[in-house]
Amino acid sequence: MINVRDSYLAEILKLGKRPAMWILGGVFLLLAQVFGYLLPYVAYRTGSGGFAAGESRARLLADILPARLVGNTLGGFPMFAGAIAIVIGAIAAGSEYGFGTLKTILTVRPQRLSVLGGKLMAIATIGLILVLAVFVSAAGSSAAIATAEGRALDWPVIGDLARGLGAGWLIIGAWSLFGAALGVLFRGTSLAIGLGLVWALVVENLVRGFAVVVGFLDALQKWLPGVNAGSLVASLGATPQTEPGGTPGVTTAVGGTHGLIVLVGYVLALGLIAAATLRRQDVG
């Protein structure tokens with residue numbers, strides 16, 4: 001009988017050989033560097049983008065120095081990382097339907113939940129690797145900027161760094177499970193990716209935009225994954241979108257603890273939805 005460990009090792013091997021995973025990871029790292037460090041530093045050096053005033057330029061530089069590593073790195077997680085995580089989850093969980101290999105896998109007699117458990121553990125591993133890679137690359141960029149500007153390398157304390165890594169992993173996990181659950185529900189990747197991205201990039205932004213004038217939307221937004229991810233990273237130092245130089249997707253609609261609890265709830269609920277769906281599906 002094939003257990004979860006064997007399924008996990010098989011999934012890691014498959015995902016590691018898929019060019020799509022490497023491309024998505026590269027895009028994630030590129031976006032984090034360009035929007036987190038390159039563009040702000042160019043704006044600081046040139047005085048462009050509305051940062052000509054001394055106080056604003058000083059704040060812009062402070063945001064990309066090592067002391068602000070956690071907040072600045074997490075700023076892109078609610079939106080950019082969330083969209084990429086949806087695609088990763090949908091590919092990992094839904095591609096077997098398109099390839100027609102899920103039926104073949106199950107004929108080897110692994111339990112369906114063992115197969116799914118291996119997939120979800122592999123998704124979690126990929127997410128952790130991405131988070132670590134983004135923080136390492138961000139630390140390198142921040143250190144280079146600080147050295148170029150003659151500033152001290154004042155790094156965050158270990159506790160803050162650990163909380164930042166954990167929050168980033170949780171956000172990636174919630175969004176990737178969203179994509180994985182859609183992949184299982186719709187038995188493929190195309191519709192899962194399309195609907196997932198529409199939800200993350202369009203629906204949630206519309207709800208946030210109209211929440212200020214429609215009461216029930218204001219209540220609804222407090223339970224959306226993107227809003228809670230944005231509030232969680234804001235509690236760890238990311239600049240809210242409503243402030244000068246703020247990052248899209250970073251909000252203060254709820255508190256950090258609320259965001260943490262809701263995201264954990266999404267991880268558990270989406271995992272159970274995927275498991276219940278796969279257990280009852282006809283994959284013949």
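Ala93, Tyr97, Leu102, Leu116, Lys119, Val184 and Leu278 line the second largest cavity. The model is a predicted one. Three cavities of 30 Å³ or more are present in the structure.

**Second largest cavity**

- The volume of the second largest cavity is about 40 Å³.
- Helices H5 and H7 each give at least two residues to the lining of this cavity.
- Sorted by class, the lining of the second largest cavity has six nonpolar residues, no polar residues and one charged residue.

**Packing of H5 and H7**

- Helix H5 covers residues 77-99 and helix H7 covers residues 112-148; their axes come within 11 Å and cross at roughly 150°.
- At that angle H5 is roughly antiparallel to H7, because angles over 145 degrees count as roughly antiparallel.
- The crossing in which H5 passes H7 is right-handed.
- On the H5 side, the contact is made by Phe77, Ile88, Gly89, Ala92, Ala93 and Glu96.
- On the H7 side, Lys119, Ile123, Ile126, Leu130, Val131 and Val134 take part in the contact.
- Nine nonpolar, one polar and two charged residues form the contact of H5 with H7.
- Ala93 of H5 and Lys119 of H7 belong to this contact, and Ala93 and Lys119 are also among the residues that line the second largest cavity.

**Largest cavity**

- The largest cavity holds about 60 Å³ of space.
- Its lining consists of Pro78, Met79, Trp175, Ala200, Glu204, Arg208, Gly226 and Gly249.
- H5 and helix H9 (190-210) are the elements that give two or more residues to the lining of the largest cavity.
- H9 provides the largest share of that lining, with three residues.
- By class, the residues around the largest cavity are four nonpolar, two polar and two charged.

**Second largest pocket**

- The second largest pocket contains about 300 Å³ of space.
- Of the 14 residues that line the second largest pocket, Met21, Trp22, Ile126, Ile129 and Leu130 lie nearest its centre.
- Two or more residues of the pocket lining come from each of helix H1 (4-16), helix H2 (19-46) and H7.
- The lining of the second largest pocket has 10 nonpolar residues, four polar residues and no charged residues.
- Ile126 and Leu130, named among the residues nearest the pocket centre, are also among the H7 residues in the contact with H5.

**Packing of H11 and H12**

- Helix H11 (residues 225-235) packs against helix H12 (residues 256-280) at an angle of about 135°, and their axes are 8 Å apart.
- H11 and H12 are therefore oblique to each other.
- H11 and H12 make a left-handed crossing.
- H11 contributes Pro225, Asn228, Ala229, Ser231, Leu232 and Ser235 to the contact.
- H12 contributes Gly256, His258, Gly259, Leu260, Val262, Leu263 and Tyr266.
- The contact of H11 with H12 is made up of seven nonpolar residues, six polar residues and no charged residues.

How values were computed: Residues numbered from 1 in each chain as written. Predicted model: local features only at pLDDT ≥ 70, side-chain atom pairs only at ≥ 80, totals over all residues. Heavy atoms only, no water. Axes fitted to C-alpha atoms, helices over the stretch in contact; angles between N-to-C directions. Helix = DSSP H or I, 4+ residues; strand = E, 2+ residues; numbered from the N terminus. Parallel < 35°, antiparallel > 145°, perpendicular 65-115°, else oblique. Left-handed = near helix turned anticlockwise from the far one by under 90°. Contact = heavy atoms within 4.5 Å. Nonpolar A, V, L, I, M, F, W, Y, C, P; charged D, E, K, R; others polar. 1 Å grid on protein atoms, 1.4 Å probe; cavity = no way out; pocket = protein on both sides within 12 Å on 5 of 7 lines; lining within 4 Å. Points joined across faces, edges and corners; volume = space filled by probe spheres on them.
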